[in-house]
Amino acid sequence: MSVSNILKPYTRVLAAVLCLSAGRATGATDLRCEYMTNPLGIDAVHPRLSWKLDSSSTNVMQRACHVLVASTREKLDANEGDLWDSRRKISREETGMVYAGRELSSGMQCFWKVKVYTGATDSPEWSAPAFWTMGLLQPEDWEALWIGFDKGRRNVRVKDDLLLPPIRYLRKEFKIRQPVKRATLYATALGLYGMQLNGERVGNDYFTPGWTDYDKRIYYNTYDVTPMLKEGDNVIGALLADGWFSGYVGGKKRRDRYGEDTRLRAQLVVEYEDGKTEMLGTDKTWSATTGPTIEADLLMGETYDARLEMPGWDRAGFDAAAWGAVSVTSKIKVMLQAYPSVTVKRFQELTPRSVTEPKAGVFIFDMGSNFAGFARLKVMGGKGAKITLRFGERLNPDGTLFTTNLMGARATDTYICKGDGVEIWEPRFTYHGFQYVELTGYPGTPDKDAVTGVELTSSTSVAGRFECSNPMLNQLYKNICQTQRANFMDIPTDCPQRDERLGWTGDAQAFIRAACFNADVQTFFRKWLVDLEDAQLANGDLPRVAPSKPSGGSGGAAWADACVICPWALYEFYGDQAVLERHYDSMVKFMDFREKNKKFHGFGDWLHLGDPTSKELISIAYTAGSAQILSQIAEVLGKKSDSIRYQKLYKTFRKAFNQKYVGRKGQIEGDTQTAYVLALGFDLLDKKDTPLAAAHLIEKIEEADGHLSTGFVGTRDLMNVLTKIGRTDVAYRLLLTDTFPSWLFPVKNGATTIWEHWDGWTPENGFHESEWNSFSHYTYGAVGQWMFENIGGIKSAEPGFKKIVIQPVMTQELDWAKTSYDSIHGRIAVEWKLDGNKVTMDVEIPPNTTATIHVPGKRQAVRVGSGNYTFDSVIK
């Protein structure tokens, strides 16, 4: 593709039609507390309240707002804000207003609503009501003890070099003697738990309470279980599994990284209609046993023997006389906090695309997409029939399951039939990364409905949408989103299939901006950044993964820098200044370490092709880049002296970079694509050398026959740098190339996710020689940011997209593109069509924002407020 294929600004515009309408009255919608919808059990005593303006009118700006917070719904409906009445206050803030009312206490219910004023004389309506509840704010609020069933593990023997304890079942009977007004369950675990109440599952979450450094903090979850209770006899039950706490995690077939004995802590608070309150907590009066789930591990899988089922174990009237006493730990010295994000939930179900039988009795189900989750089994077999499900991302040439890249992960589920008609089973405490399911031991020949895929992911709502006239680019975008979902499982993991599944810091910082465009990941990354800070080393350095226990030690350049890069990205996307404040001290400690550290280490430009880029060069470049970001962060937080200090540090490392690596005519030592990308991306070059280095970068791409050679570090910024130096034509060439190595090469070869290696599989050589060969690894999906900002033309000019720039870069290779992003203020959308020399562009700008729109064919940009706009132009 030549430069002429990129549409340049033209002088003639036939029409710019602004679609104006009288619209409807402006109201507030999408009310959220701590950036979540109606959250239960938060522990922020000054929570942030946010909303969006709902209006079809143009140029809508919030001038003032009025927030009411009440202790009951009745008081809220009567417009009585007994907890907080902000009165009408002049404010444009709608993305993070801090609660400033009465002191909030444990278990409190808070109902709220807001009305927004967009003019001096308008009389707006109140929004629909929303609510939040407070968690247990003080350690003494927890009366429940930590319980488990250690005997359940002690009787397990090592098999096939694996120790796989069963799920522990715990239960307690109790009575409800009068009408219940409200019942709240608080639960947490060292391990994974699932609560049951009167035979029903509590909540629809998976893998609670999430993964943390259990030596520093544990999260608890809160559930409203009011409708699940009944007068008379009741039973509360729990399932307790190893999970990240004591199961296999981090490779090398190692388990028990945090401890051996799993524990549950649960507290049911019942408020009666007469005002009395009763608490039922885990203690020594509970009983425990093991049951049909005889193996349960996140990596290795589950084994379920239906012959051992205990019907009604979680209902009143069950005979639990044979159950044993629980193991009790009265206190565990660790910080207990409310879970601050969205939990893992089901995303969708998948039906097999095909079923094959490469060997007699071995059936392969192709689910059509590589995802993370589990398979639900449907079978009718005789008592004791054993059905085994194995999982893999790819197939061998002979059609059998490819498992080399699973490494130490068994990734196997087993079901043993009870012989009672059609049996349907799905696991509870494991997940796998797979496209293919191998089924053996199945009685007869299975139909397609014998296996159903259930996709799991942290329930971050979809925020971005992209579609264009090129089907392969559409598939690339789907692959980016699919890979994000597969790896956003409480933490941002590197891959879902092998025995690693760790929160790699370098991967996260490379991908975070694409992730923000794809989904609402604000609370997801807020949670993980706490994990990252918890993992900070004593010398101020940051580790390669977080939580860090499975793989400690320094992350090195581009990995450790996640502690600066990720909070800044959240601020730019969500206007989240609080996240900068929360982690500022950690960032300062890190930069103090990096300033003094003279050892240059790390992973380099991981998985690059061709000549390597110096690790020292990468370290100096990233240190300069992080110093510059931290200078900006300090400026935002009003820390002027710090801002000056880190700007000086940036200049110091910039000078060192030039002295050590920049030669005559702008050539950089190593002469690699990544070296030039870093120098240009972090603004490290003198003015005279910048265009020379830019030319060298283009030369390196041409030497590679129009292909990239960058690894994890260089790929992050490659496309953005090409746009920065005015060579979007080259960026489009890289994006649209479908030969190796490129983004579309895997797409052309049937990929439904982003690969770890550019050559994870090739027609010539088959699978990559390394067993470290994930086919679901999001890092190279960082290109998604470029697609939104350049094909879609959606960019933020002020943190949180308060000010927006619309500037799509069109190419003759695309006839049309539709891009939208649900920002924290509302929907931003751009749709453009190219028909010969005619361009039509539709733009949507959300309320309470402004935008600068660059229309192809118009020299001067158009500045607008919220609304829907259509621009028609003719190009020469």
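In which loop does Phe-207 lie? Select Phe-207: the residue lies in the loop between β14 (200-201) and β15 (217-224). Helices (H or I, at least four residues) and strands (E, at least two) are DSSP runs, numbered from the N terminus. This is a predicted model, in which local features need pLDDT of at least 70 and side-chain atom pairs count only at pLDDT 80 or more, while totals for chains, interfaces and linings use all residues. Residues are numbered from 1 along each chain as its sequence is written, and side-chain values use heavy atoms, with hydrogens and water left out.

Remain at Phe-207, whose phi is near 60°, a positive value in a residue other than glycine. Phe-207 counts as buried because its relative accessibility is 2%; buried means under 20% relative accessible area (1.4 Å probe, protein chains only).

Next, select Leu-607, in the loop between α8 (577-596) and α9 (615-636). Phi of Leu-607 is near 65°, again positive in a residue other than glycine.

Turn now to the open sheet of three strands, with order β2-β3-β7 and antiparallel pairing. β2 (27-33) and β7 (97-98) stand at the edges with a single partner strand each, so one side of each has no neighbour in the sheet. Two strands pair if DSSP finds at least two bridges between them; β2 and β3 (residues 48-54) pair over five bridges. Select Cys-33 to find its bridge partner in β3, Leu-49.

Finally, visit two cis peptide bonds. One joins Ala-546 and Pro-547, with omega about -5°; Pro-547 lies in the loop between α6 (522-534) and α7 (562-574). Another joins Phe-740 and Pro-741, with omega about -10°, and Pro-741 is in the loop between α14 (728-736) and α15 (744-748).

Methods: Buried < 20%, exposed > 50% of the residue type's maximum accessible area, 1.4 Å probe, protein only.
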